[in-house]
Every structure is written in structure tokens, then in C-alpha cells.
Amino acid sequence: MRKSLFVTILVVLVAGLALSACGAAATPTAAVEEPAAAAAPTEEAAATEEAPVALPDGSVTINGAGATFPLPVYTEWTFAYQYVDPAVVINYQGIGSGGGKKGIIDNTIDFAGSDSVLKDEEYESGKDLQMYPMLAGAVVVIYNVEWAKELPEGFTASTLILDRQTLVDIFNAKITKWNDPAIVALNPDMADYLPDATITAAHRSDGSGTTEIFTKALTSFSSDWTAGGASSVEWPVDLAGNGIGGKGNQGVAAAVINTPNSIGYVELSYAISNGMKYFDLINKSGSVVTANADSVASAMDDFSGSFSDKLTATIVDGEGAGSYPIVGYTYIILHTNSMTDCVKAEKLLDYLQWALTDDGAGELAGSLGYSVLPESVRDQVLAKYAEVTCDGSAVMK
């Protein structure tokens with residue numbers, strides 16, 4: 001089988017899905033669906049390439065769980081990888097970063113996904129854990145507004161703008177109306193359309209790396225944000241009575257879709273997949289920036305060389321003119337020397353290496369709004385993967 005053809009087909013299909021999602025209705029009323037998986041290869045492709053039908057003898061099942069932030073791209077990678085190595089079945093469940101960290105510490109999964117960095121006590125509990133950046137993504141501020149009158153022609157997902165202080169003030173419950181002067185001043189052309197309605201702020205109800213990225217950004221944006229930057233915080237909007245919680249990125253998306261005049265924060269691909277509107281943000285340099293793969297890559301460049309000895313870094317609120325200000329790495333967590341099934345360990349490292357280095361895998365990620373690691377970061381990650389051992393021998397060949 002020519003594997004590269006299947007990956008190319010999948011890239012085209014996923015890109016088409018993402019583009020069609022961008023053009024969907026501005027304020028959907030249906031329940032949130034998971035971002036669409038890539039379609040199967042076409043009949044024409046199947047006629048020239050033989051797809052795997054049954055798992056061969058000696059197949060390996062690899063179980064992972066954790067962050068919902070990367071779930072859309074992990075879903076697409078899993079689908080594509082069955083054509084790269086049909087002997088590998090990869091299961092990844094989006095249960096939140098907190099659940100993923102617990103699972104890898106308790107040895108109930110083979111790998112964890114997390115956007116939240118491990119605490120010192122978690123490293124100690126897990127014995128031999130290591131975090132590895134896989135890619136970076138943007139956290140966007142989505143909204144669902146019941147406009148005061150019919151929208152102007154040409155209104156798009158990136159028409160409304162917020163600056164850093166105004167976003168903090170909204171989640172601090174200092175700004176509570178859509179037609180607040182601060183929002184109107186940033187969007188003067190929309191002054192007649194913004195309603196005199198209360199803003200409901202949706203946030204994660206579970207321990208979340210997406211929340212950690214978002215609240216670390218708020219902490220950097222303004223000293224007025226005192227709730228901290230962590231995977232779980234006490235939300236001022238809850239204390240004020242205009243906050244609501246949702247589990248997972250999909251839960252926050254659902255809360256915003258089903259709550260008129262609300263805002264929330266989700267990973268970019270959830271906004272794209274559900275046809276939701278999201279704000280452009282004014283970054284630290286004063287530039288209006290749209291969340292996309294390029295503005296995420298710019299944020300990574302702002303913080304190149306800033307990794308800790310644990311291979312983790314905070315990359316919010318960069319200085320670059322083109323940098324989106326709410327950006328984070330999503331990580332894989334592995335045991336580095338205590339995996340007991342060496343065949344499984346080798347297959348897992350093969351998959352992760354493919355995800356980092358294959359052009360098709362990178363194009364799949366980019367089509368969903370993620371940004372692949374720059375070469376300087378990727379080389380550090382691959383070097384760390386090379387240190388993983390099983391029964392005293394290096395796993396990567």
C-alpha cells in the first residue's frame with residue numbers, strides 16, 4: 001500500500017471539512033457535535049489502494065486519555081495512522097487534562113494528553129513521568145449574541161474585537177453588558193447592533209489545561225485578574241451570578257450555543273467545527289490578531305528557547321506583532337523507564353514520531369488550526385523520546 005496517498009487524501013478531506021465549518025451558521029441552535037472526523041478514502045482511491053480490513057495477528061492496542069484541547073487532531077491522526085501501521089489500534093478519550101494526568105500516574109493508560117503541566121507532587125507520584133510538547137493551539141473567545149437589529153452585510157467570525165483588559169473585565173464580572181462602553185469603543189461600527197443584555201460567561205467545570213492556558217493569559221493581561229492561572233479557579237463571574245460551567249471544550253461550546261448573549265473559551269478547532277463566532281484580540285503589541293496556525297506559530301517563536309528542564313513552557317501574551325495572545329502547547333505524558341510491554345512501547349513511540357515528522361500529519365493539524373512544532377522545538381522533543389527505555393534498552397530504533 002502506498003501510505004502517503006492515503007494521508008494526502010485525508011488532508012484534503014479534513015481541510016474541506018474545516019472550510020465548510022467556517023461558513024456555517026453564525027449562531028447555531030443545535031446541540032454541539034464532536035468535530036467531524038475525516039471521511040474514509042473515496043471509492044476511486046479504494047480502487048487503487050487496498051484499505052486495511054482486519055487487524056493482523058500480533059496487533060497492538062494503545063490506550064490514551066486526557067486533554068480535549070487536542071482531541072480533534074488526535075482523532076484525525078488516529079484515523080490516518082491505521083494506513084501507516086495497520087497493526088496498531090490507538091484509542092484516545094478526551095476526558096480532560098486532569099483525568100489524563102491521573103490515568104498515567106495510576107498506570108491505567110499507556111499515554112496521557114495534557115495542556116496543564118505536571119506539578120512536582122505529580123512527577124513524584126508518577127515516578128518516571130516526562131512531558132513532551134506535540135503541537136500548539138489557540139484558545140479563542142466564542143460568543144452567541146442576540147443582536148439588537150439585523151447584522152450588517154459582510155459580518156464575519158472575526159468582526160468583533162476585544163482587547164486584553166476588556167476580556168479580563170468581562171470574566172471579572174466588571175463588564176456585564178454587551179453594550180458596555182468599553183466593548184462599543186473597540187467595535188464602533190457595531191454600536192447599533194450590540195444589545196443591552198447581560199453577558200453570561202461560560203467556563204470549564206472540570207480540571208482543564210484549556211483553563212490553565214486561558215487563566216495564565218488573563219494573569220498576564222492585567223493585574224486585575226487575581227483568581228490565578230491554573231487548571232481550576234474560583235471564577236468571579238460565578239460569584240456575581242452570571243457564570244456557567246461546561247465539561248470539556250465541547251461542554252463549553254454547548255453552553256455558549258444554547259445560552260443567548262453568552263461568551264466562553266474553547267480550543268480553536270471546536271469553534272471552527274461548530275461554526276461559532278469568536279473574537280479577534282488586540283495583543284500586547286497593539287495589533288489586532290485572528291487565531292490561526294500562523295498567529296500560533298508566531299507565539300511559539302516569541303518564546304523559543306524558554307523551555308524548562310521538564311520540556312514545558314508558557315507561551316501566552318507574546319511580544320510579536322503577529323502573535324495571538326492565548327496560546328498553549330499540548331503535551332503527551334509518558335513513563336520513561338517503567339513500561340513493561342516493549343512491543344507496545346515501540347509502537348507508541350513510532351506513532352508519536354510519525355505525528356511530529358510526517359508532512360501529512362502536519363497538514364492535518366494545520367487544517368484544524370493547530371500549529372506544528374518549529375524544528376528547533378521538535379528536535380528537542382525527539383531527543384527526549386530517544387531517552388525512553390524498556391527493559392533497560394532504548395525504545396526508539
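## Helix 8

Helix 8 runs for 13 residues and spans 18 Å from first C-alpha to last, close to the 18 Å expected at 1.5 Å a residue. The model is predicted.

Helix 8 is mostly covered, with ten of its 13 residues buried. At the helix start, a side-chain oxygen of Ser 208 comes to within 3.0 Å of the backbone nitrogen of Thr 210.

## Helix 4 and its partners

Helix 4 covers residues 97-105. Its buried residues are Ser 97, Gly 100, Lys 101, Gly 103, Ile 104 and Ile 105. They pack against helix 8 (209-221) and helix 5 (120-126). Strand partners are strand 1 (60-66), strand 3 (111-114), strand 4 and strand 12 (327-335).

Just after helix 4, Asn 107 adopts a positive phi of about 60°.

## The nonpolar core

In soluble globular proteins, nonpolar side chains tend to be buried together. Here the largest nonpolar core holds 120 residues. Trp 77, Phe 171, Ile 326 and Tyr 385 have the most contacts inside it. Strand 4 (residues 129-144) supplies the largest share of this core, twelve residues.

What does Tyr 385 touch, leaving aside neighbours within four places in sequence? Its contacts are Tyr 132, Met 134, Ile 332, Leu 334, Leu 349, Leu 352, Leu 356 and Met 396.

Conventions:
Residues numbered from 1 in each chain as written. Predicted model: local features only at pLDDT ≥ 70, side-chain atom pairs only at ≥ 80, totals over all residues. Heavy atoms only, no water. Core = buried A, V, L, I, M, F, W, Y, C linked by side-chain atoms within 4.5 Å. Buried < 20%, exposed > 50% of the residue type's maximum accessible area, 1.4 Å probe, protein only. Helix = DSSP H or I, 4+ residues; strand = E, 2+ residues; numbered from the N terminus. Contact = heavy atoms within 4.5 Å. Expected span 1.5 Å × (residues − 1). Polar contact = N/O pair within 3.5 Å; in protein donor to acceptor, adjacent residues only side chain to side chain.
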